[in-house]
Amino acid sequence: MRYTIRHFIIFFIILLVASVLPGLDSNHISYGAAANTSTNSVISSKQIDTSIKKYPAIKNAIGKKIQIPGLYRTNVSGLLSYNMCPQGYCTAGNYLLITAYGTINDSTKKVCKDITVIYVLNKSGKYLATINLNKKGHVGGLTYNPKRKEIVIADSDGGNNYYWVSYANLVKAIKGNKKVTLGVQKIVNKASAITYYDNKLWVATFDQKSNKTEIRSYNASYRSNNSCPVGRKITFKGKKLQGITFISKNRMLVSMSYTRTKNSSLSEYDVKSATATQLKNRTLTLPPMSQNVVYSGGSIYVLFESGASKYRKSATNPIDKVLELKYNKLAWNR
């Protein structure tokens, strides 16, 4: 067969298109990564808007829709992963931060390493960097500790500990080698969800069986090789907890979800005593797979993991964003 310049041009175009189209193989991995972490949506705006309209509690309260990066492709220190699952969200200084876990594979497509990362965005939601945490785990909770100027990570796979990285180290990593050094603090309970409030770190443990959940507080300034002493202990009825955040001294919001087809809930509790009381008519029904939740500036920010490659085709009403819910516009108990 005789090849012409036209044939080579067509061949080049095919290769170019193939390199940017989303792949169907969630285990695919590329080496020598020239490709960057993806920043595009993996779920259409029309589909997300249609999904939100199904939830009367929030449909008129939507503010920003912050795109979660890396859902199609994440560059982790030169290797590409296509199966990252987002978990935690918080603001820290000049940045919005999102944690995620996943795997990278060797050339035979066998899993060779579990990975965790922090995606860094500016306050407008523009993607800036992917930070390699150099550990495996679930990294399900995330908060900022202003007392020590540290980003604090809850990882239920890490035992009775929370992990931290200094804000200065994070900034240096963003501008440099995209890697950070993690510190570890021992605590009493397994850390699934975490939030900062009133110079305390509040840590909760996910439990899909028990209908009783305990949240413990720890001095946010404490740092030692010993286990941090427990401050308060709050018990409330409920299970499958995913995220916690305070809206005032005695009011806490709790996000609960489990499985990709059942709706999530976001409920408000009075926590002034050791036994929390769920407030009457203060529960929201949300799309499935809500995770970390943050209250800030009169809005609630909810991260959903249903945009991950292993969930988005089978999840009900998948969302690939962090949704801002304006507190004063919520239709509670709907």
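Q: How many nonpolar, polar and charged residues are in the lining of the largest pocket?
A: Keep in mind that this is a predicted model. The lining of the largest pocket has ten polar, six nonpolar and four charged residues. The volume of this pocket is about 380 Å³. Its lining has 20 residues, and the closest to the centre are His-138, Phe-206, Gln-242, Tyr-258 and Glu-305.

Q: How does the lining of the second largest pocket divide by class?
A: It has 15 nonpolar and seven polar residues, with no charged ones. The space in the second largest pocket is about 310 Å³. Of its 22 lining residues, Thr-91, Thr-143, Tyr-196, Val-294 and Tyr-295 are the closest to the centre.

Q: Which element gives the most to the lining of the second largest pocket?
A: Strand S20 (290-296) does, with five residues. S4, S8, S12 and S16 are also among the elements that supply at least two residues each.

Q: Which residues touch the most other members in the largest nonpolar core?
A: In soluble globular proteins, nonpolar side chains tend to be buried together. Here the largest nonpolar core has 28 residues, and those touching the most other members are Leu-97, Val-120, Ile-131 and Ile-151. Elements giving two or more residues to this core include strand S5 (95-105), strand S6 (111-122) and helix H3 (167-175). H3 gives the most, with five residues.

Key. Residues numbered from 1 in each chain as written. Predicted model: local features only at pLDDT ≥ 70, side-chain atom pairs only at ≥ 80, totals over all residues. Heavy atoms only, no water. Core = buried A, V, L, I, M, F, W, Y, C linked by side-chain atoms within 4.5 Å. Buried < 20%, exposed > 50% of the residue type's maximum accessible area, 1.4 Å probe, protein only. Helix = DSSP H or I, 4+ residues; strand = E, 2+ residues; numbered from the N terminus. 1 Å grid on protein atoms, 1.4 Å probe; cavity = no way out; pocket = protein on both sides within 12 Å on 5 of 7 lines; lining within 4 Å. Points joined across faces, edges and corners; volume = space filled by probe spheres on them. Nonpolar A, V, L, I, M, F, W, Y, C, P; charged D, E, K, R; others polar.
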